[in-house]
Amino acid sequence: MCNLYAMTSSQAAIVDLLKIWRDEAGNMPPFSAIYPDYTAPVVTQSPEGRVLRMMRWGMPKPARVLGNKQADKRVTNIRNTASLHWRRWLGIENRCVVPFTSFSEYYSAPGGRSQPVWFASPTQGEMLFFAGIWTNWTSVRKVKEGETTNDLFGFLTAAPNAVVAPYHPKAMPVILRSPEAISHWLTAPTKDALRLQRPFDHKGLQVIEAPI
C-alpha cells in the first residue's frame, strides 16, 4: 500500500488548476516526502466551491481492529468501500482529492530488503490526484500527544495497473487526472462516484526510481 508520496507543485498551481474557492492552507511549502500522520494539502467540496486545507494523513481504524490499543495508528489506504466503517464517509461532504506529483510502493526483491519504487506521470512534474475521503475526528493519534481533534484523510485503492503490478501486485491508489474525473469524484452520487475506484491508465504512469 502507498505509505509515502510527494507533492512538489506550488500552492498557486493547485489553486489555479482546481479553481479553488477558498484557500485555508496557509503558506504551503513543497513536500518532498509525505509519510502517514504527516500534514498535507487536501481539497474538499463545499456548497460554495472547493476548499484547499491541510489535514493529517490517516483515517480512524474500525473499532474492532483498534480494540484496547492506546493509540489509533490510522488507516492510510482504503479498499473495501462496502464496509460500514467506510460507507459513512463516502458522501459528497466527506470526499476529497489529494494532490501529488509522485508516489511510492515498497518492492521486496528476491533475497533483498524492501525498497521504495517511485511512480509519476510521464509528463515531468505533472500534478495528479488521489481520490480520497476525510473526516474530523477526536482520538489518541500518539500516546505522547494525548487526545486530539484533527481533520484526517485517506485515499482509495484499486487493483494495480501494468506499471505498478510488477512491483506491488496487491493494490495501487485510485488516481484522477482529468478535470471531469475530479469533479465527478467530488460531486457525483456515491454509487456513480465509486465507479472511479479502478486502476489508473498505465499510459499515465511511469517508474521514475526503482531498486537496481
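Which side chain does Asp37 meet in a salt bridge at 2.6 Å, N to O? That's Arg141, and I'll come back to the pair in a minute.

Quick housekeeping. This is a predicted model, so local features need pLDDT of at least 70 and side-chain atom pairs count only at pLDDT 80 or more, while totals for chains, interfaces and linings use all residues. Residues are numbered from 1 along each chain as its sequence is written, and side-chain values use heavy atoms, with hydrogens and water left out.

When I say helix or strand, I mean DSSP runs, H or I of at least four residues for helices and E of at least two for strands, numbered from the N terminus.

Are those two partners buried or exposed? Both Asp37 and Arg141 are buried. Buried is under 20% relative accessible area, exposed is over 50%, and partly exposed is in between, with a 1.4 Å probe and protein chains only. Asp37 comes out at 8%.

Asp37 also has a salt bridge with Lys142, at 3.8 Å, N to O. Lys142 is in that E10 to E11 loop too, 105 residues from Asp37, but Lys142 is partly exposed at 34%.

For another salt bridge, look at Arg195 and Asp192, where the closest N and O atoms are 2.5 Å apart. Arg195 is exposed at 52%, and Asp192 is partly exposed at 26%. As for the Asp37 group, salt bridges that share partners join Asp37, Arg56, Arg141, Lys142 and Glu145 into one network.

Now the sheet. Five strands make an open sheet, in the order E3-E1-E8-E9-E14, with antiparallel pairing. Strands pair if DSSP finds at least two bridges between them. At the edges sit strand E3 (31-34) and strand E14 (206-209), each pairing on one side only. The twist averages 30° from one strand to the next; axes are lines fitted to C-alpha atoms, for helices over the stretch in contact, and angles run from 0 to 180 degrees between N-to-C directions.

Within that, E8 (residues 102-108) and E9 (residues 114-120) pair antiparallel over six bridges. Pro116 in E9 is the bridge partner of Tyr106. Ser104, in E8, is buried at 1%. Leaving out residues up to four places away in sequence, Ser104 touches Cys2, Asn3, Leu4, Pro116, Val117 and Trp118, where contact means heavy atoms within 4.5 Å.

Over in E9, Gln115 is partly exposed at 28%. With that sequence cut-off again, Gln115 touches Glu105, Tyr106, Tyr107 and Pro211. Gln115 and Phe130 are 15 residues apart in sequence and 22 Å apart in space, C-alpha to C-alpha.

Last stop, helix H4 (residues 179-187). Which residues are buried there? Ala181, Ile182, Trp185 and Leu186. Down the axis of H4 they fall within an arc of 130°, so they line one face; the arc is that of the directions from the helix axis to the C-beta atoms.

Key. Salt bridge = Lys/Arg side-chain N within 4 Å of Asp/Glu carboxyl O.
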